[in-house]
Amino acid sequence: LADLNPNIVVFDRFMIEEQYGWRVQQECPNALRILDTEDLHFVRRARTTAFKTNTDVNYDTQDCYRELSSIYRSDLSIIISKFEYDLLIDHFNIPLKQLLYLPFIESEISNEKKDKLPDFNSRKDFMFIGNFIHEPNYQTVLQLKKIWTSIKKRLPNTQIHIYGAYASQKILQLNNANDGFIIKGKADDVNEIMQQYRVLVAPIPFGAGLKGKFIDGFRNSLPNVTSKIGAEGMSAENWGGFIAENETDFVDAVCKLYEDET
């Protein structure tokens with residue numbers, strides 16, 4: 001570090017800042033130290049606990065103290081979600097000067113690219129995607145397994161295909177070809193895969209940050225049905241699909257979107 005003598009050091013998540021922030025401060029006291037939070041881990045973990053124990057979300061945890069401490073030690077923290085940015089300011093009173101709200105930066109797709117995307121009638125079936133090291137993705141697939149029977153009854157000629165790296169045995173055993181619930185595993189090209197389907201289905205029960213799968217979907221003209229948690233942090237004013245909170249509304253939204261070309 002002393003030999004590199006950087007002007008700016010970026011830490012990839014608070015755990016890395018905990019390990020190396022003191023060393024950077026010691027060897028490069030004039031370097032600007034930036035924490036890239038990715039998402040607020042204590043928010044995701046608190047929601048995970050609440051979901052599994054059927055209790056209210058409680059942020060008063062060791063994870064929270066650790067992550068906030070890392071934010072305070074850093075000169076600047078990058079926050080990807082507007083919800084999390086507001087939470088840090090309004091609930092935890094983090095000074096504005098220590099935070100930078102920086103969501104996904106996307107350029108508008110050109111009409112030429114849009115025209116090349118497969119149209120409604122060239123697409124079929126449902127899909128979900130997300131790596132399975134991430135607990136919310138695993139829990140989302142369990143939610144999909146739960147509601148798939150209701151969707152399949154109304155749209156008997158459809159299938160749902162589940163994509164994601166690091167699929168363990170507990171994921172693979174959910175595969176049921178007879179029921180049209182297919183575990184596909186890792187997607188080699190997310191854009192190519194998404195252009196085959198009509199609807200991205202993601203009843204995400206908990207999590208934090210922004211969900212890149214929806215941005216990928218929008219880029220490929222693939223609308224989605226998700227939960228409030230799934231859409232959190234992104235503008236839902238003109239959401240590309242539907243946001244539903246209970247199982248009945250979710251199934252209705254999925255079936256409506258699948259059959260509605262407009």
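Figure 1. Asp-86 and Lys-82 both sit in helix 4, 4 residues apart, about one turn of the helix. Helices (H or I, at least four residues) and strands (E, at least two) are DSSP runs, numbered from the N terminus. An α-helix has 3.6 residues a turn, so residues three or four places apart point the same way. The side chains of Asp-86 and Lys-82 meet in a salt bridge (3.0 Å, N to O). A salt bridge is a side-chain nitrogen of Lys or Arg within 4 Å of a carboxyl oxygen of Asp or Glu. Asp-86 is partly exposed at 28% relative accessibility, and Lys-82 is partly exposed at 36%. Buried means under 20% relative accessible area, exposed over 50%, and partly exposed in between (1.4 Å probe, protein chains only). Helix 4 (residues 82-90) lies across strand 3 (76-79) and strand 4. Its direction runs at about 155° to strand 4. Axes are lines fitted to C-alpha atoms, for helices over the stretch in contact, and angles run from 0 to 180 degrees between N-to-C directions.

The model is predicted: local features need pLDDT of at least 70, side-chain atom pairs count only at pLDDT 80 or more, and totals for chains, interfaces and linings use all residues. Residues are numbered from 1 along each chain as its sequence is written, and side-chain values use heavy atoms, with hydrogens and water left out.

**Figure 2. The whole protein.** The protein has 11 helices and 10 strands. Its C-alpha trace spans about 65 × 50 × 35 Å along the principal axes. Of the 262 residues, 47% are buried. The accessible surface comes to about 14200 Å², and 47% of this belongs to carbon and sulfur atoms. Accessible areas come from the Shrake-Rupley method with a 1.4 Å probe; for residues, only the protein chains shown count as cover. The structure holds 13 salt bridges.

Figure 3. 4 strands form an open, parallel sheet in the order 1-2-3-4. Strand 1 and strand 4 (99-101) are the edge strands, each pairing on one side only. The twist averages 25° from one strand to the next. Two strands pair if DSSP finds at least two bridges between them. Strand 1 and strand 2 (residues 32-36) pair in the parallel sense over 5 bridges. Val-10 lies in strand 1 (residues 8-12) and stands opposite Ile-34 in strand 2. Val-9 and Phe-11 form the covered face of strand 1, while Ile-8, Val-10 and Asp-12 form the uncovered one. Val-10 is exposed, at a relative accessible area of 51%.

Figure 4. Ile-8, Val-10 and Leu-32 make a nonpolar surface patch of about 260 Å². Patches are made of residues with over 30% relative accessible area and no salt bridge: like charges are joined within 9 Å, nonpolar side chains (Val, Leu, Ile, Met, Phe, Trp, Tyr) within 5 Å. A salt bridge joins the side chains of Asp-12 and Arg-13 (3.6 Å, N to O). Asp-12 is partly exposed at 35%, and Arg-13 is partly exposed at 31%.

Figure 5. 6 strands form an open sheet in the order 7-6-5-8-9-10, with parallel pairing. Strand 7 (181-185) and strand 10 (241-243) each have a single partner strand, so one side of each is left without a neighbour in the sheet. The twist averages 20° from one strand to the next. Strand 9 (residues 224-226) and strand 10 pair over 3 bridges. Asn-224 has Gly-241 of strand 10 as its bridge partner. Helix 11 (residues 247-259) packs on the sheet, touching strand 5 (126-129), strand 8 (199-202), strand 9 and strand 10. Contact means heavy atoms within 4.5 Å. The direction of helix 11 makes about 175° with that of strand 9.

Figure 6. Lys-213, Phe-214, Ile-215 and Gly-217 are buried in helix 9 (residues 212-219). Their cover includes strand 5, helix 6, helix 8 (190-194), strand 8, strand 9 and helix 10 (228-231). Arg-219 forms a salt bridge with Asp-216, the closest N and O atoms being 2.8 Å apart. Salt bridges that share partners join Glu-106, Asp-216 and Arg-219 into one network. Arg-219 is partly exposed at 32%. Ser-221 follows helix 9 with a positive phi, near 55°.
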